[in-house]
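Me: Could you take me through this model feature by feature, giving the general idea before the particular case?
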Amino acid sequence: MMSGKIKARLAELGVELPEAMAPAANYVPFVTLGNIVYVSGQVSSGSDGLIVGKLGADMDMLQGAAAARSCAINLLSQVQAACGGDLDRLVRVVKLTGFVNSTGNFTDQPKVVNGASDFLVEALGEVGHHSRSAVSAASLPFGVAVEIEGIFQIR
Amino acid sequence: MMSGKIKARLAELGVELPEAMAPAANYVPFVTLGNIVYVSGQVSSGSDGLIVGKLGADMDMLQGAAAARSCAINLLSQVQAACGGDLDRLVRVVKLTGFVNSTGNFTDQPKVVNGASDFLVEALGEVGHHSRSAVSAASLPFGVAVEIEGIFQIR
Amino acid sequence: MMSGKIKARLAELGVELPEAMAPAANYVPFVTLGNIVYVSGQVSSGSDGLIVGKLGADMDMLQGAAAARSCAINLLSQVQAACGGDLDRLVRVVKLTGFVNSTGNFTDQPKVVNGASDFLVEALGEVGHHSRSAVSAASLPFGVAVEIEGIFQIR
């Protein structure tokens, strides 16, 4: 069996998973229960640090979708850690809940969270097809644009 | 064993489940993991289309509860699809998370989400008793009044 | 095997679990699915009743963290009920989702929800280490400051 399949696919997409982020407080980044991994909410961030902004105010859709994509990358980093480094143990992205930092009249949360969903399907194929909710949050930690938590099935 | 019990009960209540809605983006409406079905957030909608509005601004409690009820109906449509059409395979509504589009000073989220909870108990009896959270969202996709996601146990 | 270990530890911390709160509506406070307990969102409350307030407006961080701590205590009350009174059956706090009633420019949700996380780790040690999301809600039921839902593994 070929190993590192998902890692290779990520490299094709130009994505190198960052070091799994430490939680911002007294909790853990993931808990594994049997073959289910519950990953803590991952905030939008990239190599330049946190991605902050509020949709409907100071951030446009493309920036928002990029922020959501970064959350998905951070989620995969945590899943990789939960899998002891071998992301090929990921069986299915089960569920994402996406919170979009937005004003009260911004209504395109789905398009923003698509930044995460599209990336996961592009990178993982069938494995990446997930159930999802996308809602607005009045505000998010540190002013980040997007926070996404996830449930993952591993082997 | 009588089949179509739940379907018959829904008919008594005058409810015909609509076609399961397609997701608004690149994800799937539900993921089944063993005997657990995770259903994507369902937005309020009826035969006339999306039910939009903001509690505390342009929508009253009764309208909000009706919107929440429509989310519950949409959730059941997805569960029916997850059960290959046989809703009698539903064992338990495990958990709902209800997001209510509301202003910052509206505090009756539970009464709104009751529109969903009351319907599920009315339609499903014991099977419909679920755990729940009800919170406000600053905004919701397409301006809908309510979005509810759910976890269901099936056989 | 010593019984009542967690109860004794709570007593050391000066915490006596209150009667598990009845839900505010037509749902149940928890649903047990195999060895997993899904606990409904618990609102901030103490011996004097509900703890109301909005972070960034009329409530400071310390008050917010105390409100979150009360949610954790209320969650444990429900878990105790789910365990038939024997909290030592709790194996792991799996996941918390914390909703903080806050203004649109308040960004310290993690510090608020730490009130719950720190308490659980202080009271339960390893068992209390959980995955978590912390987000803002535009408003919460009855105007409470914090609402937290949880997933728990029991034996």
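This is a predicted model: local features need pLDDT of at least 70, side-chain atom pairs count only at pLDDT 80 or more; totals for chains, interfaces and linings use all residues.

Me: What share of chain A is buried, and what share of its contacts join residues at least 24 apart?

Reply: Buried residues account for 55% of the 155 residues in chain A. If one takes the contacts in chain A between residues at least 6 apart in sequence, 81% of them join residues at least 24 apart.

Me: How should I read the contact between chain A and chain B?

Reply: The size of an interface is often given as the accessible area lost when the parts come together. Here we can count residues instead: 25 residues of chain A are in contact with 23 residues of chain B. On the side of chain A that touches chain B, the elements giving two or more residues are β5 (90-101), α3 (109-124) and β6 (131-137) of chain A, and β6(A) gives the most, with seven residues. That side of chain A divides into eight nonpolar, 13 polar and four charged residues.

Me: What rotation superposes chain A on chain B?

Reply: One looks at both the angle and the shift along the axis. A rotation of 120 degrees with 0.0 Å of shift along its axis superposes chain A on chain B, with an RMSD of 0.0 Å, which is the relation of a three-fold axis. The residue of chain A that comes closest to the rotation axis is A138(A), at 3.0 Å by its C-alpha. The copies use different surfaces, since 8% of the contact residues of chain A recur in chain B.

Me: Finally, is C71(B) buried or exposed?

Reply: One counts neighbours, and 20 or more other C-beta atoms within 10 Å make a residue buried. C71(B) has 29, and it is therefore buried. C71(B) lies in helix α2 (residues 61-82) of chain B, and, leaving aside residues up to four places away in sequence, it touches Q42(B), V43(B), S44(B), A116(B), V146(B), E147(B) and I148(B).

Terms used. Residues are numbered from 1 along each chain as its sequence is written. Chains are lettered from A and ligands numbered from 1 in the order in which they are written. Two residues are in contact if their C-beta atoms, placed from the backbone, lie within 7 Å. Helices (H or I, at least four residues) and strands (E, at least two) are DSSP runs, numbered from the N terminus. Ala, Val, Leu, Ile, Met, Phe, Trp, Tyr, Cys and Pro count as nonpolar, Asp, Glu, Lys and Arg as charged, and the others, Gly among them, as polar. A residue is buried if 20 or more other C-beta atoms lie within 10 Å of its own, exposed if 12 or fewer, and partly exposed in between; C-beta atoms are placed from the backbone. Copies are superposed by least squares on the C-alpha atoms of residues with pLDDT of at least 70 in both.
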